[in-house]
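Have the viewer open as you read.

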Amino acid sequence: MTDSSTLNQTGRHGRWLAALLLVLTVFGPISMDLYLPALPALTAELGAKTSTAQLTVTACLLGLAAGQLVAGPLSDRFGRRKPLLIGVTAYVVVSALCAMSPSIEVLVLARLVQGVAGGVGIVIAQAAGRDVYDGGRLIRFYGRLTVIGGFAAIVGPLVGGALSAVMDWRGLFQVLAVIGAAILAWVVVGFGETLPAGSRTPGGFGQVGRDMRVLFRDRGFVGAVVVQGFVYAALFAYLSGATYVLQGVYGLSPQQYAMAFGLNSAGFMAFGYLAGRSSERWSITGTLMIGLAMCAAGAGGILTAGITHLPLPAVMVSLLLLVSGTAVTSPPSTTIALAGYPTIAGAASSFLGAARFALGGVAAPLVGLAGSLSILPLGLVTAAAITLAAATALVLLPRSSRPAPAAGPSPETPVPEHSHH
């Protein structure tokens with residue numbers, strides 16, 4: 001079921017809508033990465049312990065997970081536009097509050113709320129994509145989401161580092177508020193409703209419970225969500241531990257580390273794009289398995305480096321394999337999880353996103369437990385996470401590997417093949 005406004009967006013305005021949805025997905029990486037170069041200065045100015053200051057990262061991650069769990073089902077009930085407007089407005093306000101925080105405790109709380117607001121943009125971007133695309137277009141869209149996420153991961157720390165030279169940490173949060181305000185203006189002008197009233201779920205917690213039962217009875221959905229959660233646990237372990245490994249153990253300068261980080265992020269972008277094409281033209285499940293194999297090879301190399309000292313090039317190749325393999329798993333996992341649920345795409349997307357950020361938030365601190373001069377914890381965490389992901393995939397994911405999403409539209413709400421110019 002559709003209406004003229006939805007068709008109008010996916011046709012004549014399709015490119016602008018797609019661009020806006022892609023921009024909405026950068027909330028997470030930008031919120032996480034932009035202020036990281038200023039974290040030591042922030043810690044000193046607020047008189048905080050390092051471990052307490054790092055809670056500003058953890059709080060944002062947990063908020064990103066919680067925000068998706070709340071906003072996804074709400075968007076199935078009330079449409080995508082209203083929750084998105086509320087979420088982006090809240091993001092602007094709370095980013096300004098972060099900039100004015102008088103203490104580390106207030107900043108941690110503000111970062112939690114900032115994460116919740118940012119999670120709204122991420123989950124609605126995925127759900128709205130499911131509203132307006134299906135078939136090969138849907139897989140291509142999820143491939144682009146992966147690419148833009150990798151791009152944001154490259155740009156965030158680089159922009160943050162450049163801005164840190166001319167402003168303090170409070171200024172960086174003001175920049176996030178300005179970015180949020182620009183996106184809010186774009187949403188007001190360029191985001192019409194993508195979920196027609198006739199396609200929405202009835203309200204109430206009872207309906208949310210019924211949606212959850214439908215989703216969690218689907219082995220493929222559960223498998224895709226759990227696989228992505230474990231794979232992203234390995235990715236967040238890399239993000240939190242790679243700087244210690246490459247600078248502390250192998251002696252890279254900050255500039256050399258930035259180049260290594262950029263190389264891995266470029267690999268994430270390139271392989272995310274290739275995975276979207278491979279899922280569309282060859283096999284969704286097959287592409288996911290290739291991604292897991294790449295992750296396993298990378299994690300195995302890092303673990304080996306933790307047991308027996310390997311030269312830097314071997315560690316670099318291992319990290320590149322882990323990061324690129326993560327990107328390969330993302331488009332097929334998202335397609336498996338969301339393709340069969342056009343009427344509850346918000347709820348389905350919320351569990352997928354929450355699993356990524358929640359398990360990532362748990363894994364990230366584990367890497368530092370043995371101190372900053374050991375690679376072994378990073379190897380153990382990534383190897384364990386990828387082993388669990390692979391076991392889950394083998395047990396739960398469908399063996400069929402059609403190059404188009406399974407289960408298409410539900411019988412009560414047919415979703416037409418929209419034109420996308």
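## Cysteines and helix packing

The count of disulfides (pairs of cysteine sulfur atoms within 2.5 Å) comes to zero. Cys-98 is in no disulfide, and the nearest cysteine sulfur, that of Cys-60, lies 8.4 Å away. This is a predicted model, in which local features need pLDDT of at least 70 and side-chain atom pairs count only at pLDDT 80 or more, while totals for chains, interfaces and linings use all residues. Residues are numbered from 1 along each chain as its sequence is written, and side-chain values use heavy atoms, leaving out hydrogens and water.

| Residue | Relative accessibility | Class |
|---|---|---|
| Cys-98 | 0% | buried |
| Cys-295 | 0% | buried |

Now to the helices, which are DSSP runs of H or I with at least four residues, numbered from the N terminus. Helix H12 (residues 254-281) packs with H13 at an angle of about 150° between N-to-C directions (on a scale from 0 to 180 degrees), and their axes, lines fitted to C-alpha atoms over the stretch in contact, are 8 Å apart. That makes H12 roughly antiparallel to H13 (an angle over 145 degrees). In contact terms (heavy atoms within 4.5 Å), Phe-271, Ala-275, Ser-278 and Ser-279 of H12 meet Ile-284, Thr-287 and Met-294 of H13.

Helix H13 (284-307) also meets the buried residues of H16, which pack against H11 (219-249), H14 (312-338) and H15 (345-366) as well. Among those buried residues of H16 are Pro-377, Leu-378 and Ile-386.

Methods:
Buried means under 20% relative accessible area, exposed over 50%, partly exposed in between (1.4 Å probe, protein chains only). Helices (H or I, at least four residues) and strands (E, at least two) are DSSP runs, numbered from the N terminus. Angles under 35 degrees count as roughly parallel, over 145 as roughly antiparallel, 65 to 115 as roughly perpendicular and the rest as oblique.
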